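Subject: A structure for you to look at

Hello,

Here is the structure I promised to pass on. Please have a look at it, and then read my notes below.

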Amino acid sequence: MTRYLIALVLSILIGYGLAEAWPLLIGPSLSIVSPIDNAPYPSGIVNVQGKTARAAALILNGVSIPHDQNGAFSSTLTFPLGGSILTFVATDRFGRSVTAARSIFVP
């Protein structure tokens with residue numbers, strides 16, 4: 001009986017530890033709301049929006065983008081005529097990163 005009780009308590013502690021450590025184990029996440037991939041932007045003005053989780057830094061085409069404590073970011077950018085590729089990279093404090101890309105077109 002004591003052996004089963006100890007096994008149960010250890011299982012609960014291990015499960016709790018894994019649940020608490022899971023965000024650290026999986027690395028950053030990145031969700032881009034805008035711009036929509038392959039969308040035309042006739043004015044050349046693009047509102048970049050999205051959310052990141054567990055990220056220490058967010059980079060767009062080599063330039064840092066600020067994000068709030070909840071990971072939300074928003075910025076308005078102007079692009080020249082033609083096609084452009086936006087490359088987002090979110091990096092956590094351990095150096096792990098996730099990348100997302102969007103293509104836009106200014107006619």
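One definition to begin with: a residue is buried if its relative accessible area is under 20%, exposed if over 50%, and partly exposed in between, using a 1.4 Å probe and protein chains only. Please keep in mind that this is a predicted model, in which local features need pLDDT of at least 70 and side-chain atom pairs count only at pLDDT 80 or more, while totals for chains, interfaces and linings use all residues. Residues are numbered from 1 along each chain as its sequence is written, and side-chain values use heavy atoms, leaving out hydrogens and water.

Three strands make up an open sheet in the order 1-3-6, with antiparallel pairing. Strands here are DSSP runs of E with at least two residues, numbered from the N terminus, and two of them pair if DSSP finds at least two bridges between them. Strand 1 (29-34) and strand 6 (72-78) are the edge strands, each pairing on one side only. Strand 3 (residues 45-53) is joined to strand 6 by seven bridges, and Val-48 stands opposite Ser-75 of strand 6.

Next, the aromatic rings. The structure holds one aromatic pair, formed by Phe-73 and Phe-88 with 6.2 Å centre to centre and 40° between the planes, which makes it tilted. (Rings of Phe, Tyr and Trp, the last by its six-membered ring, pair if their centres lie within 6.5 Å; planes under 30 degrees apart are stacked, over 60 edge-to-face, and the rest tilted.) Phe-73 belongs to strand 6 and Phe-88 to strand 7 (residues 82-91), so the pair ties together parts 15 residues apart in sequence. Phe-73 is buried, at a relative accessible area of 4%, and so is Phe-88, at 0%.

Finally, the charges. A search of the whole structure finds one salt bridge (a side-chain nitrogen of Lys or Arg within 4 Å of a carboxyl oxygen of Asp or Glu). Asp-92 forms it with Arg-96, the closest N and O atoms being 2.9 Å apart. Asp-92 is buried at 7% relative accessibility, whereas Arg-96 is partly exposed at 29%.

Best wishes

Notes:
Helix = DSSP H or I, 4+ residues; strand = E, 2+ residues; numbered from the N terminus.
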